[in-house]
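Hi,

Here is the structure I promised to pass on. Have a look through it when you get a moment, and below you will find my notes on what turned up.

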Protein chains: 2
Amino acid sequence: MRNAFQEELDSIHDTLVKMGKLVEDSMSEATKALLQPNLELAEKVIKNDDVIDDMQHELDARTMMIIARQSPVAGDLRTLVTSLRMSADLERMGDMAHHIAKLARMRYPATAVPPELLLTVQEMGRVAGKIAEKATGIIKSRDTEDAKSLEKDDDEMDILHRKLFATLLDDKWTHGIETAIDMTLIGRYYERFADHAVSISRRVYFLVTGQYYSEES
Amino acid sequence: MRNAFQEELDSIHDTLVKMGKLVEDSMSEATKALLQPNLELAEKVIKNDDVIDDMQHELDARTMMIIARQSPVAGDLRTLVTSLRMSADLERMGDMAHHIAKLARMRYPATAVPPELLLTVQEMGRVAGKIAEKATGIIKSRDTEDAKSLEKDDDEMDILHRKLFATLLDDKWTHGIETAIDMTLIGRYYERFADHAVSISRRVYFLVTGQYYSEES
């Protein structure tokens with residue numbers, strides 16, 4: 001029979017997965033808000049960030065209480081500590097979606113993204129969505145192969161990020177400094193979003209195997 | 001007589017203060033590395049970031065073990081949880097210094113900062129130094145008045161950040177897109193550095209008073 005402690009651990013696990021899905025939706029909507037552009041969607045993502053933040057606060061408080069009350073050892077303690085770190089990563093991923101939505105709102109009804117970068121940003125959004133979905137799946141399944149493979153998706157994001165800079169620095173760039181500033185920040189938000197997902201996959205890998213598969217960033 | 005538990009709490013507190021001082025030095029050296037420019041100093045800051053990261057990992061592991069072993073209640077638990085959050089803020093502040101140093105190294109022997117922004121960046125560095133010193137002092141003293149006053153220093157940083165953007169967007173800007181990209185990122189690093197210090201001061205304020213003095217960011 002399952003005991004109350006195990007149920008508490010499961011409930012934390014479920015909340016993390018739920019948080020991952022919210023973050024995934026937020027980023028996908030932020031990308032849409034930016035590219036269409038869509039003010040209503042931008043506002044929705046901005047509001048949704050509070051929900052994600054509250055979720056993290058509540059989850060962390062709950063996790064700390066369990067650690068303090070149950071005095072878990074070894075594996076269980078490691079699981080709980082990893083949960084705390086993953087919730088922080090997810091919260092930061094939510095922040096990145098929030099930043100993108102705020103930029104979309106600031107430039108509305110214009111779009112922050114110039115025509116020659118639409119495809120690159122669309123691709124960054126697509127990769128971000130794939131990465132967030134995978135990270136949520138890894139939290140859920142603790143599959144170490146999936147965890148390792150996320151690194152490749154992050155490489156894809158890095159290539160897109162470099163492509164974005166190359167476009168900004170090209171002699172043909174005619175959109176001036178303000179758009180270059182916007183695109184620099186937007187590029188960074190997507191890249192950081194992916195970095196935090198990689199961090200989650202590394203934490204899961206370590207939790208399961210007790211080993212790092214590469215340097216922790 | 002002081003007991004072992006109290007000694008453990010004090011030791012965590014001391015490590016946080018030590019971490020704060022390291023972060024303060026890192027940012028001050030990163031600013032110098034950027035403005036002089038100075039490659040050796042940039043390398044030093046980049047290496048120093050590993051020390052700060054290790055310190056956070058060690059501190060967090062120690063804090064978690066205390067929570068699990070001692071089952072602290074109410075005030076002590078709140079202190080320990082706040083320590084975890086502050087160490088994460090300090091670690092992120094260290095990251096910002098690290099990012100600035102990496103940009104200084106990338107552009108060396110040129111300087112990333114054009115003449116008309118030297119003073120603004122110098123000021124941002126000075127305010128960042130003041131803020132880091134104050135945040136460390138607040139961690140040490142838990143002075144709630146100091147904690148509230150940090151908000152004003154952050155306003156100073158925001159003004160400088162806006163001034164930096166105004167210079168980039170001025171018609172007189174002649175340094176092209178690459179320098180604008182560098183300055184956008186540098187501006188963001190200083191601003192985020194200050195934001196994390198504000199976050200520390202808010203945590204201390206809440207720890208001492210049980211109340212927020214304003215919205216948590």
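A definition to begin with: the radius of gyration is taken over C-alpha atoms, and the globule rule is 2.2 Å times the number of residues to the power 0.38. Chain A has a radius of gyration of 19 Å, which agrees with the value near 17 Å that a compact globule of 217 residues would have. Please keep in mind that this is a predicted model, in which local features need pLDDT of at least 70 and side-chain atom pairs count only at pLDDT 80 or more, while totals for chains, interfaces and linings use all residues. Residues are numbered from 1 along each chain as its sequence is written, with chains lettered from A and ligands numbered from 1 in the order in which they are written.

**Chain A overall**

Chain A has six helices and zero strands, and its elements run α-α-α-α-α-α from the N terminus on. Here helices (H or I, at least four residues) and strands (E, at least two) are DSSP runs, numbered from the N terminus. Along the principal axes, the C-alpha atoms of chain A fill a box of roughly 65 × 35 × 20 Å. Of the 217 residues in chain A, 43% are buried. A residue is called buried if 20 or more other C-beta atoms lie within 10 Å of its own, exposed if 12 or fewer, and partly exposed in between, with C-beta atoms placed from the backbone. Among contacts in chain A between residues at least 6 apart in sequence, 80% join residues at least 24 apart; two residues are in contact if their C-beta atoms, placed from the backbone, lie within 7 Å.

**Helix packing**

Two packed helices are described by the angle between their axes and the distance between the axes. For the values below, axes are lines fitted to C-alpha atoms, for helices over the stretch in contact, and angles run from 0 to 180 degrees between N-to-C directions. Angles under 35 degrees count as roughly parallel, over 145 as roughly antiparallel, 65 to 115 as roughly perpendicular and the rest as oblique. A crossing is left-handed if the near helix is turned anticlockwise from the far one by less than a right angle, and right-handed if clockwise.

The axes of α4(A) and α6(A) (residues 176-209) come within 10 Å and cross at roughly 20 degrees, so these two helices are roughly parallel. Their crossing is left-handed. Contact residues include A:L117, A:V121 and A:M124 on α4(A), and A:M183, A:I186 and A:Y190 on α6(A). By class, the residues of this contact are 17 nonpolar, one polar and no charged. For these classes, Ala, Val, Leu, Ile, Met, Phe, Trp, Tyr, Cys and Pro count as nonpolar, Asp, Glu, Lys and Arg as charged, and the others, Gly among them, as polar.

With α5(A) (residues 144-169), α4(A) crosses at roughly 165 degrees, the axes coming within 10 Å. That pair is therefore roughly antiparallel, and the crossing is left-handed. The contact of α4(A) with α5(A) has 11 nonpolar, four polar and nine charged residues.

In chain B, the axes of α5(B) and α6(B) come within 9 Å and cross at roughly 165 degrees, which means that α5(B) is roughly antiparallel to α6(B). This crossing is left-handed, and its contact residues divide into 15 nonpolar, five polar and four charged.

**Where the chains meet**

In the contact between the chains, 18 residues of chain B meet 18 residues of chain A. On the chain B side, α2, α3, α5 and α6 each supply at least two residues. The largest share, six residues, comes from α6(B). That side has 14 nonpolar, two polar and two charged residues.

**Backbone details**

Most residues other than glycine have a negative phi, and most peptide bonds are trans. Against that background, a few spots deserve a look:

- A cis peptide bond joins A:Y108 and A:P109, with omega about 5 degrees; A:P109 lies in the loop between α3 and α4 of chain A.
- The bond from B:Y108 to B:P109 is cis too, with omega near 10 degrees.
- A:S71 has a positive phi of about 45 degrees and sits in the loop between α2 and α3 of chain A.
- B:S71 has a positive phi of about 40 degrees.

Best wishes
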